[in-house]
Amino acid sequence: MMTDPQDLRTPATVPSGRGLTWYLTGLVLVALLPTIGAAILAVFLAGRAFEDAQSGRLLETANTLARAAESELERGIALLNVLSVVPTHPAASLIADPWAAAAERRIGGRLIEEIFVSGRVPEGDGLSPRGVPLETLRRAVETTRPAVSNLFVDPSTRELRIAVAAAISHNDEETRLIAVVVPPERLVQVLKRSRPTSDDLIMAIVDGTGRFVARSVDPEQHIGEQAPGWADRMATARESGTFTTMAADGRQAIFGFKTIANSAGWVLVVGEPLSAFRARATGPLLGLVAAAALAVIVALLAASRLGRTILRPVTAIAARARLIAAGAERPPTAAEYSHIAEFEALRLSLESSEKALRARAVAEAEAARSLADAERRQHLLATTGTLVFWRVNSDGQATSTGWSELTGLDARLDGDWFANIHADDMRRVKSLWRKAYETGSPYDAEYRIRVADGSWRWVRARATRAAAANGEGYEWIGLTEDIDAYRAAQTRMEHMASHDALTGLANRASFNERLANLCGEGRGGEVAILCLGLDRFKALNDALGRAIGDEMLKQVAARLAGVISPEDMVARLGGDEFAIVQTAGPQPRAASLLAQEVMAALEAPFVVGSDTIVVTASVGIALAGGDPAELAMQKADMALDRAKGDGRARICFFESALDARMQERHRLEQDLRRAVAEGQFLLHYQPVVAVTSRRLVGFEALVRWRHPERGMVSPNEFIPMAEEIGLIVPIGRWVLERACADAAAWGHDLKVAVNVSPKQLADPDFPAVVQASLDGAGLPARRLELEITENALMADIDGAMSMMMRLKTVGCAIAMDDFGTGYSSLGYLRTFPFDKVKIDRSFLQDFASARESSAIVRAVTSLCGSLRITSTAEGVETEEQLALLKAEGCDEAQGYLFGRPTPLEDMAAVFERFGILGAASAAVADAAA
């Protein structure tokens, strides 16, 4: 179609609508919306997290102070327990009793003995004749345990007091009780001694009626007053928690509370003004808001700069295009060079279009002729396509349609018909044609023919014999089809099926087929298999990215292909593993030389982009011999594993010992699975004692495997395997349930420690498993310790922190085991909520002589003491070690000095050795039976 030159001079109409600037601005804003939303959500969640952390801090402080208050009350209770077994004296002579005088001086109060001849404590809420609340006396008689009263007014002094009462004797004729009456200021002193560094904290003890018993701020003003918000706390119906209410000074405050054990519903309350509580989160939140706003501003500035970079060449190109469309002879402006590849291509295209338009008059005639030629070729293609129809009559004369279009050669089909067939296909094609011609069977052959440009093209020729049209003899009617694209695709598919897509080497299936053929042909004696693995490739791939890792694998494949002989094969088995099947040269010398060539080829650094990478490889070699292909490959894999295990960058031949080791490992794995199913495990317990008093405080549970044939199997042998094959979780659950059940039978408030594996710590259901074990055994959570190693923390620090916080809510203690053996730092003690740190036994081996060991032990025990974390030393074997630990302030110890790990049936002797008789020994004997 022709165009009027007048059209070139008609100015182009600028289209209406929004410009690119509007769309770019919209794109930037839309892209930033998720970021802004995410920032707002992050600030909101951070605020919640800060408040939760502050609430947890208040609750932890309340727990700590509650324990201090409990200790103070327990002193009075302990005194009563002692006085209850001291021979009593008549009430009239009580003042002269030296026990009573000493007790009153010790407690700072007065000691009272009450005797009720009727055998019953009178009913009512009043006071006894000697000024003790009757309700407290009745509770002491009913519970047979010391009872703590609420705040009351002492009639002898007319001042507020609290009392602790205990029943000495009780029968139908007489009830005798002893009571300690003390001023509440003793508890105020406890709060002052335990007061945290923050001046904003308000600490108080509230009795069961909601009145202040002690208060850290202005105690003389508030003791005896009703605590504000007491109804809010009572509504929670929990032993501990937080609530918000109005403080005694009229300010809104948030409080954490903890019920005090062995009291008449007393509660330890710690709070701070709500303004101070929220102010702690304001600073970090403002920082987050500022950082988010700064990020948005930087993003807008970057988008603005990028927009100008994009718009400048677009504007220049559009202006020049309008001038060209308007027919300007020489446009006054020139589009500038753009660093954006697409715009630069557009600029170059525009310049080419401009030149084409200026030569349009000359090109139009040529375009018309080209169009006519194209239409003619289109017609020929539509009528003949890639098909050649041919016919050979009864006289042997051949005619065809489409031969020239297919090949570009002369259409003569005489003696030159076979001259264009590929030499490799010639003999086969002639044989097929001769057979068909002589027997009359259909002719079908695929072969290559030469085309006009000298290249070769695959075709498929088919023909059928038919009676000649003149009735004399036969003729052949045939069709030749172009199948070059089909054969190329088939070749590609066959290559893809047998080769690795990334490196182009043979793949695992092709390698196994080659090896199986060689072994099946009886050539195993000359075959060597080399398995090669790149050392630490996964870490490199994770650090530099998969793209660089893939490029390096390509270079490794190229180097390996360059060192093998033509008759050998190299394959990529997957990941960073390669294999070579070698048949060239005498074995095993040829395999050893090839392995050294491979190591030398990989020594040179790899250059990938701007990165220079140095890697090493490990090589395992096995000689096929008379083995099947699968077994020979398995041996090469075992040799590779041995090479990596011996330090990497090594060459290792397969040895019979490797096979024996592998078989032994397999047997052990099967036995371990059977042990889990049949319950072949048992627990041994090793004592843990207090360093200063050598008093027994608990045991560590250690799992043992009693093999029916091999006897006791070392934990160092089966625990790593259990970790590897996934059996450590069911084994750990059994250990936890058995240890809780045994500890529940001991009594005496003895604790039991259980080791936790990294896989257990990563299990989201583990806290529920711990709770179920405690509930099933009836063991209080405070008597269970979970020992966690550093490796379990390093695998996933954030996940470990979350799991430990969940375990803390269960109520059990958490200990860091083997401290100092890895990358342990004292910062862990501040980061993670540990209740105990176990110092590794390696520090005690040369504790007395090595300055470094003693310095580390001193630092750990000192920091643990400051953080109120129990420190325990493992591996104590001598009295000298114990004395040094005592001097350094270590709290607990365990080791052969106090006893070896003992099975449950022998625990009675352990209890007797530590002076614990009666119920504990009997319970152990019953459990063992």
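Why is helix α3 (residues 134-143) largely enclosed by the rest of the structure? Seven of its ten residues are buried (under 20% relative accessible area; exposed is over 50%, partly exposed in between, with a 1.4 Å probe and protein chains only). These are L134, T136, L137, R138, R139, A140 and V141. The cover over the buried residues of α3 includes β1 (110-116), β2 (147-148), β4 (159-170) and β5 (175-182). T144 follows α3 and has a positive phi, near 60°.

The model is predicted: local features need pLDDT of at least 70, side-chain atom pairs count only at pLDDT 80 or more, and totals for chains, interfaces and linings use all residues. Residues are numbered from 1 along each chain as its sequence is written, and side-chain values use heavy atoms, with hydrogens and water left out. Helices (H or I, at least four residues) and strands (E, at least two) are DSSP runs, numbered from the N terminus.

Five strands form an open sheet in the order β17-β18-β16-β21-β22, with mixed pairing (at least two DSSP bridges between two strands). Its edge strands, β17 (569-574) and β22 (651-653), each pair on one side only. Neighbouring strands are turned by 20° on average, direction ignored (axes are lines fitted to C-alpha atoms, for helices over the stretch in contact; angles run from 0 to 180 degrees between N-to-C directions). β16 (residues 528-534) pairs antiparallel with β18 (residues 577-582) over six bridges. G533 stands opposite E577 in β18. Helix α13 (residues 508-520) lies across β16, β17 and β18, at about 130° to β17.

S871 sits in strand β30 (residues 870-873). S871 is buried, at 1% relative accessible area. Beyond neighbours within four places in sequence, its contacts (heavy atoms within 4.5 Å) include V837, T861, C864 and G889.
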